[in-house]
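Biologist: I'd like to learn how to read a structure I have never seen before. Could you walk me through this one, feature by feature?

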Amino acid sequence: MLIFFKDITKIYDKNQVLKNISFEIDTNADNKDILLRGPSGIGKTTLLRIAAGLERPDEGNIEITMGEAAHGGYGLRAGMVFQENRLLEHLSAVDNVSCVNASVSRQRARAELLEVLPEEALDKPVRELSGGMKRRVAIVRAILPPSDLLIMDEPFTGLDAETREKVIRYIMDRKGKRPLILASHDVEGLPPMRELILK
C-alpha cells in the first residue's frame with residue numbers, strides 16, 4: 001500500500017499552521033517509519049491528526065493506492081497515541097485496553113500490558129497510576145487493535161531512560177508491518193527512521 005500526503009495545508013483563524021507538506025509512505029518498504037520533528041507549535045500534532053482522519057486539511061489531500069485500487073485516505077484505520085493519554089480514568093489498565101476493540105480480549109490485554117507494566121498496576125483504576133504508567137497503557141491500547149498505521153504524539157512523555165528503552169522495543173516488536181508516524185522531541189534510543197522536519 002502507498003499512502004501519499006499531497007500538499008497538506010491547514011489554517012486556523014487565518015494562521016497557517018501547515019503549508020504544502022508532502023511525503024509518501026510505502027508500507028512494503030524497509031524505511032516506512034517517519035520521525036516527525038520540529039519545534040513546539042509548528043504543527044506536528046495537527047499533521048498527525050490529519051493523518052489519523054481526525055481533521056481535514058484546508059488544501060491538499062491524502063491518497064491511498066492498493067494495487068489497482070485507489071481511494072481517499074480517510075478510510076485509514078489508525079492506532080493513535082495522543083499527547084494526552086485519553087484513558088477512562090475509572091477503569092483498570094486491562095479494561096482500558098480491551099474496551100476499544102472487540103478483537104482485543106481481556107486476556108490478551110493483560111498479557112501485553114505485562115510486557116511494559118508491573119502486574120500490580122493492571123487492575124487498579126488508571127487514575128491511581130503514575131503518569132508514566134498511564135502512558136504505557138495508552139501505547140498498548142493503540143498498538144493492539146488491527147490498523148493500517150500507527151500514529152504516536154510524544155509517546156515517551158514521563159518515562160525514565162530504562163522504561164523508555166523497554167517501551168521502544170515493545171513498539172518496534174509489536175507494530176509488525178504497519179508504518180509508524182512518530183513525533184518526539186527526544187530521539188535517544190529510537191531506531192533509524194526517515195525524518196520529516198517541519199519548519
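This is a predicted model: local features need pLDDT of at least 70, side-chain atom pairs count only at pLDDT 80 or more; totals for chains, interfaces and linings use all residues.

Modeller: Let's start with how a helix sits on a sheet. Helix 1, residues 44-51, lies across strand 3 (34-37), strand 6, strand 7, strand 8 (180-183) and strand 9. Against strand 7, helix 1 runs at about 155°.

Biologist: In what order do those strands stand in the sheet?

Modeller: The order is 6-7-8-3-9, which makes an open sheet of five strands with parallel pairing. Strand 6 (78-81) and strand 9 (194-197) are at the edges; each has a single partner strand, so one side of each has no neighbour in the sheet. From one strand to the next, the twist averages 15°.

Biologist: How many bridges hold strand 6 and strand 7 as a pair?

Modeller: Four bridges, in the parallel sense, with strand 7 covering residues 149-153. If you want a spot to look at, find M80, which stands opposite I151 in strand 7.

Biologist: Let's step back to the whole chain. How many helices and strands does the chain have?

Modeller: Five helices and nine strands. In sequence order the pattern reads β-β-β-α-β-β-β-α-α-α-β-α-β-β. The radius of gyration is 17 Å, close to the 16 Å that the globule rule gives for 199 residues, so the chain is as compact as a globular protein of that length. Along its principal axes, the C-alpha trace spans about 50 × 40 × 30 Å.

Biologist: And what share of the residues count as buried?

Modeller: 50% of the 199 residues. Of the contacts with a separation of 6 or more, 70% come from residues 24 or more positions apart.

Biologist: Now a helix question. How do I work out which side of a helix faces inward?

Modeller: Start with the general idea: an α-helix has 3.6 residues a turn, so residues three or four places apart point the same way. Then list the buried residues. In helix 3, residues 106-113, these are A109, E112 and L113. They cover an arc of only 95° around the axis, which puts them on the same side of helix 3.

Biologist: What covers the buried residues of helix 3?

Modeller: The cover includes helix 2 (93-98), helix 4 (131-143) and helix 5 (161-174). You can follow one of these up through S98, which is found in helix 2. S98 touches V104, S105, R106 and A109, leaving out residues up to four places away in sequence. With a relative accessible area of 13%, S98 is buried.

Biologist: How many residues does the largest nonpolar core have?

Modeller: It has 34 residues, and those with the most contacts inside it are V97, L113, V137, M152, F156, I171 and L182. Helix 2, helix 3, helix 4, strand 7, helix 5 and strand 8 each give two or more residues to this core. Helix 4 gives the most, with six residues. Apart from this core lies another, of 28 residues, including M1, F5, I34 and F82.

Biologist: One last thing, the backbone angles. Where does phi take a positive value in a residue other than glycine?

Modeller: One of the places is R86, with phi near 55°. R86 lies in the loop between strand 6 and helix 2. Another is E154, where phi is near 50°, in the loop between strand 7 and helix 5.

Biologist: Is E154 buried or exposed?

Modeller: E154 is buried, with a relative accessible area of 13%. R86, by contrast, is partly exposed, at 46%.

Key. Residues are numbered from 1 along each chain as its sequence is written. Side-chain values use heavy atoms; hydrogens and water are left out. Two strands pair if DSSP finds at least two bridges between them. Axes are lines fitted to C-alpha atoms, for helices over the stretch in contact, and angles run from 0 to 180 degrees between N-to-C directions. Contact means heavy atoms within 4.5 Å. Buried means under 20% relative accessible area, exposed over 50%, partly exposed in between (1.4 Å probe, protein chains only). The arc is that of the directions from the helix axis to the C-beta atoms. A nonpolar core is a set of buried Ala, Val, Leu, Ile, Met, Phe, Trp, Tyr and Cys residues joined through side-chain atoms within 4.5 Å. The radius of gyration is taken over C-alpha atoms; the globule rule is 2.2 Å times the number of residues to the power 0.38.
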